[in-house]
Amino acid sequence: MMRSAELIDGRVVCTGAPAEPPGVRCTRTADAVELHRERPSSTPLYFRVGPGTLQWGTDLAAFFPDGTPPAPGAGDLLALLNGQVRPPESTVAPGVRRLMLGGTVRLDASGATATRRTATPDTPPPGRLADAVHAVLDAMPAGYAVAYSGGLGSAFVVAVALRAGHRPALLHAGLALPGHRPPAEVPGLAVQTVRADLDDLFDHHPVTGDEPAPVLPDIEVRRRLTAAIRAGRDLPLVGGGLLEDLTAVKLPDIDAGLRARRLLACEPFHISGTLRRLATARELMGNRIVYRPGDGAAAAGAPDVQQVGAPPPPSPTGGSRLPWLTPAGRQELEVAQRGSMAVWQDHLDQLDPVLGRLVAGLEERGDGGLHSPALDPRVHAAAAAIPARRLGRIRHGVFENHRPLRAVVEAAGITGVRRASSGFWLRLGAADHLRRRREKLALELQRGCALADLGVVDVRAVTHDLRDGRDLTEHALPLLRLVWIDRWLRGRS
């Protein structure tokens, strides 16, 4: 679906069906048309400007009716492989951009222009964050369900629903992962386990290459999981994962008080020993560095209380730790990574921190196709009104984050909430899936690997990691991304 506007004799003529997703305001007069992204949304809006013309829509493929856009360059592909999201506004399609939060594109007598303004949350409603989520749930159709992972975000949604007098169905995906334990029990409500097949979730074969952009497991697996939970059930499904992004805080931003030296003994430093100087601790935390990418504790899904807030810009920092890149690949990645980081930082500087964390979470993980209260303007306005000192604290040498969510969950009597990060199951599932198919995948990549043909990946190092259990586990998600990207590239040839 796409819409277009053309400047004819000083007047703007629009054609096509409306194509504005949630969060985008379209203002149209006889002399101008203007699109403004005023709220975050998981549905992108793409646009293309030309001499006296403006096209926009939610389907990237619609901009190329005669074929798919060209594949990204090697550096961009390696950045995706390394877990780095695309820079704001950019797409794989030349000349086509995304309308990001705070962005405006306008067509009038002077031509087409794209501008950006500072985006801040709306004035918060009276009450607390829980009250704002309560209002969102009250507006849901009767009989809605909660995708209950057993994590903090979904447990918070359930706790608020109970306070509102609702009794939603709780649907939990049973993934049969190693070390999996049942989700935390909810007083008064039964948790229904829906079996989801790991092979169906992580399988790269549905990727055809006809997609306009590379398909990545970070977002697609979550969509598939939602579809598996919803299968055979015609009911709205609510999720709470993005609420954790809204209520995150960085350790340097909390009030450590007179006993600030507690930073030196804070849990993240136990990995490599206690730091000696407070200035060193603050500098380290200020750079948002606790674990180096790939360190054992980070790869194993360290508890959320050990993390350092939400990471704007939403991408890895520092050099790549992927062991399969050729010298040319490392150079390509370094260039792409530096450029993307700079653009992301500039974009996030234009956003309120709460909105910045929400945008970063959407870009990294999407919303999984769930109804997310975090996307409601009342909710992120209420979150923005919470002072940093109430979001996190140091307690018994541990940095505790998301305190407003934890308080409501504990008050509802929900105990044993999952502490691992929201992406831990994805990494664990990727490792399990690859482990059972590593020989077949290694043979497939030996016969042909598109990234190796580009000269940026050493396929022998890739197949070595697939066959080595320890290396496979450490690099499971990048390995899975490589398999998916390779499938997409070969499908286009």
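This is a predicted model: local features need pLDDT of at least 70, side-chain atom pairs count only at pLDDT 80 or more; totals for chains, interfaces and linings use all residues.

Let's start with a pair of strands: β3 and strand β4, residues 33-37, pair in the antiparallel sense over five bridges. Two strands pair if DSSP finds at least two bridges between them. If you want a spot to look at, the bridge partner of Thr 27 in β4 is Glu 34.

Residues are numbered from 1 along each chain as its sequence is written, and side-chain values use heavy atoms, with hydrogens and water left out.

Back to the strands. That pair sits in an open sheet of four strands, in the order β3-β4-β8-β9, with antiparallel pairing. At the edges stand β3 (24-28) and β9 (111-116), each with a single partner strand, so one side of each has no neighbour in the sheet. On average, neighbouring strands here are turned by 10° against each other, ignoring direction.

There's also an open sheet of five strands, ordered β2-β1-β6-β5-β7, and again the pairing is antiparallel. The edge strands are β2 (11-15) and β7, each with a single partner, so one side of each is left without a neighbour in the sheet. As a reminder, strands of a sheet pair through backbone hydrogen bonds, either parallel or antiparallel.

What stands opposite Phe 47 in β6? That's Trp 56. Phe 47 also stands opposite Arg 97 in β7. Strand β5 (residues 46-50) is joined to β6 (residues 53-57) by five bridges, running antiparallel, and to β7 (residues 97-98) by two bridges, also antiparallel. Tyr 46 has Gly 57 as its bridge partner in β6. The hairpin of β5 and β6 has two residues between the strands, and in it Gly 52 takes a positive phi near 70°.

On to the helices. Two packed helices are described by the angle between their axes and the distance between the axes. Our axes are lines fitted to C-alpha atoms, for helices over the stretch in contact, and angles run from 0 to 180 degrees between N-to-C directions. Angles under 35 degrees count as roughly parallel, over 145 as roughly antiparallel, 65 to 115 as roughly perpendicular, and the rest as oblique.

Take α13 and helix α17 (residues 476-492): they pack at an angle of about 50°, with axes 9 Å apart, and are therefore oblique to each other. α13 passes α17 in a left-handed crossing, meaning the near helix is turned anticlockwise from the far one by less than a right angle; clockwise would be right-handed. With helix α15 (residues 459-467), the α13 axis comes within 8 Å and crosses at roughly 160°, so α13 and α15 are roughly antiparallel. The crossing of α13 and α15 is left-handed.

On a 1 Å grid over the protein atoms alone, a cavity is a set of points where a 1.4 Å probe fits but cannot get out; a pocket is an open set with protein on both sides within 12 Å along at least five of seven lines; and lining residues have an atom within 4 Å of a point. Points are joined across faces, edges and corners, and a volume is the space filled by probe spheres set on them.

Last, the second largest pocket, with about 960 Å³ of space. Of its 44 lining residues, the closest to the centre are Ser 149, Gly 151, Arg 418, Ser 422 and Trp 425. The largest share of the lining, four residues, comes from α5, and α13 is among the elements that supply at least two. Thanks, happy to take questions.
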